[in-house]
Structures are given as C-alpha cells and as structure tokens.
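Thank you all for coming.

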Amino acid sequence: MTARTLLLTALAMLAFAGNSLLCRLALRDTAIDAASFTGMRILAGALTLWLLLRMRQGRAAGNWYGAVALFVYAAGFSFAYLQLDAGVGALLLFGAVQLGMLLYGLWHGERLGRWASLGLLLALAGLAALLLPGADAPAPGAAALMLLAGLAWAAYSLLGRGGADPLATTAGNFIRAIPLALLLSLFLLARSQPDPLGLVYALLSGALTSGLGYAIWYSALRGLGALQAATVQLSVPILAALAGALLLGEALSLRLGLAALAVLGGIALVLGTERRPAALVSRRA
C-alpha cells in the first residue's frame with residue numbers, strides 16, 4: 001500500500017468521524033428535524049462538489065445507483081440517531097458496513113492471511129469492548145434504519161471503486177440525490193424544524209465531511225481491497241468517541257484507551273498484509 005493511499009484513507013476516516021459529531025450535535029443540541037438535516041447536508045455537498053468541478057472545468061459523472069445508495073445512507077443515518085445513542089448507532093452502522101463489504105470481498109475471491117485475520121478479530125474485539133457493555137438495547141425501528149444505512153454505505157463504497165474520476169463521480173451522485181432529499185422533506189413538511197444552528201451543522205456536514213470526505217474516500221478505495229476497506233472503517237467509532245471526549249466533554253476512560261489501541265492495532269495488521277486470491281491461499285493452507 002502506498003503512502004498516498006494511507007494518507008487519503010486517514011483523511012477520509014477523520015471526515016467520517018466529523019460527520020458523526022456534526023450529526024450528533026445537530027440532532028441532540030438543536031431543534032432541527034432529521035429530514036431537514038439530511039436535505040441540507042446533501043444540497044451543501046452537491047454545491048461544494050459542483051463548484052470544485054467548475055474550478056477545473058470538469059463535468060459531473062456518477063449514476064443513479066450511487067445516488068440512491070447515498071440517499072438511503074444519509075437519511076437512515078439521520079433518522080436512526082433520533083433514538084440511538086452514539087455508541088450503539090456507530091456499532092450498528094459500521095457493523096453493517098463491514099458485513100456487507102466482507103461478504104462482497106469473499107464472494108469475489110479475496111482472502112485474509114493469518115495475521116490479517118488476527119487483526120480483523122482484534123479490531124472487532126476492541127470495538128465490541130468499547131460499545132457493547134452497558135449499552136442500552138436499541139429501539140428496533142431505529143436499529144433497523146441504522147443497519148440499512150450501513151448496508152447502503154457499503155454499497156456506495158463498492159460502487160465507487162470503479163470510478164475514473166472520484167470528484168466527478170461523487171458530485172454526480174450528490175446532485176442526483178437532491179430530488180430524493182427534496183421529496184423526503186416535502187413528505188415530512190409538517191414536521192419540519194429548520195433550526196438555524198442545526199442548519200449550520202448540516203451545511204458543514206454536507207460541504208466538508210460529506211462532499212469532500214467522500215471524494216477523498218473514493219480516491220483511497222483505488223488502493224484498498226474490499227476486506228481492507230471494511231476493516232479500516234472500524235476506526236471511525238473510536239475516532240468519533242475520542243473527538244467527542246475532546247470537543248463535547250464526554251468522559252475518557254481506560255476502557256476507551258484500550259479499545260482504541262485494539263481497533264487501530266488490528267487495522268494496522270490488516271492494512272499491512274498483502275491481499276491474495278482464494279486459490280493461492282488454499283494451496284498454501
């Protein structure tokens with residue numbers, strides 16, 4: 001793996017963690033509703049990416065499959081966080097992401113060696129140790145929405161791996177997702193609460209941690225296998241929890257520190273292992 005891929009991956013994970021923080025801030029501390037947050041997030045992301053394309057005289061690409069996956073993820077993410085706490089929501093989201101991408105990778109012949117398998121187990125154990133003990137049972141409807149959001153994000157990530165121009169693809173997907181977000185907002189217009197501060201958080205989420213973050217992630221995916229891409233995203237709940245402690249006053253604990261070491265150490269093992277085709281693995285077993 002090249003240094004460029006590592007840098008892009010790290011930046012994308014920081015953007016995803018920032019997205020979680022902004023969504024939590026908006027839906028917990030302001031009166032904005034989930035549909036308005038989702039719509040403003042998608043609109044701001046689309047505008048930012050379109051402006052970047054105009055600066056380099058490029059044209060939007062993408063497709064409706066990517067746009068639908070993006071919208072389902074964004075809407076499910078917002079509505080689920082109305083009832084889920086941050087830890088349970090992150091566990092459900094990235095558990096679903098990993099499951100979807102792991103199944104895709106295994107179906108297409110990717111395999112993990114011994115050390116990479118150990119790294120995956122270590123990362124999962126660290127995440128479970130942080131999020132499972134003491135967590136309240138999630139509301140069934142909200143849990144289902146977050147699982148759906150995770151599967152949609154897995155599909156969006158996999159669809160983006162083949163894009164020739166990550167910025168153009170991401171911009172096109174965001175632009176196509178605008179009418180879907182508008183339809184959702186119109187359907188729930190009676191519940192609309194466009195809180196000013198909440199809208200600011202949604203704008204930041206759309207322009208920075210979504211639009212630019214996803215373009216960076218599309219670029220990083222070129223150097224990652226599906227199994228690696230699934231595992232590295234396990235770092236996002238850890239990063240979000242650490243940022244929450246620093247920025248939102250949430251308590252840090254020894255358990256959090258140990259879990260962070262386990263997850264990040266496990267990810268390092270997976271990323272440091274070369275991918276091998278299934279036939280090669282079976283011959284060496």
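This is a predicted model: local features need pLDDT of at least 70, side-chain atom pairs count only at pLDDT 80 or more; totals for chains, interfaces and linings use all residues.

**Helix packing and selected residues**

Helix α1 covers residues 3–29, and it packs against α2 at an angle of about 140° with the axes 11 Å apart; the axes here are lines fitted to C-alpha atoms, for helices over the stretch in contact, and the angles run from 0 to 180 degrees between N-to-C directions. The crossing of α1 and α2 is right-handed, where right-handed means that the near helix is turned clockwise from the far one by less than a right angle, and left-handed that it is turned anticlockwise. N19, L22, C23, A26 and L27 of α1 make this contact with A34, F37 and R41 of α2, contact meaning heavy atoms within 4.5 Å.

Residues are numbered from 1 along each chain as its sequence is written, and side-chain values use heavy atoms, with hydrogens and water left out.

For orientation, the protein has twelve helices and two strands, taken as DSSP runs numbered from the N terminus, with helices being H or I of at least four residues and strands E of at least two. Of its 285 residues, 52% count as buried, that is, under 20% relative accessible area with a 1.4 Å probe and protein chains only, whereas exposed is over 50% and partly exposed lies in between.

Staying with α2, which spans residues 34–55, we find that this helix also packs with α7, residues 166–187, at an angle of about 150° and with the axes 8 Å apart. That angle makes α2 roughly antiparallel to α7, and the crossing of these two helices is left-handed. Among the residues making the contact are G39, R41, G45 and W50 of α2, together with T170, F174 and S185 of α7.

Now to the other partner of α1: how do the axes of α1 and α10 cross? The axes of α1 and α10, the latter being residues 235–247, come within 8 Å and cross at roughly 55°, so α1 and α10 are oblique to each other, and the crossing is right-handed. On the α1 side the contact includes M13, F16 and R24, and on the α10 side it includes V236, L239 and L247.

Leaving aside neighbours within four places in sequence, S210 is in contact with N19, R41, F174 and S205.

A search of the whole structure finds one salt bridge, defined as a side-chain nitrogen of Lys or Arg within 4 Å of a carboxyl oxygen of Asp or Glu. The side chains of R28 and D29 form this pairing, at 2.7 Å from N to O, and D29 is partly exposed, with a relative accessible area of 44%.

Finally, T2 is found in the segment before α1 and is partly exposed at 46%. T2 and G223 are 221 residues apart in sequence, yet 7.7 Å apart in space, C-alpha to C-alpha.

How values were computed: Angles under 35 degrees count as roughly parallel, over 145 as roughly antiparallel, 65 to 115 as roughly perpendicular and the rest as oblique.
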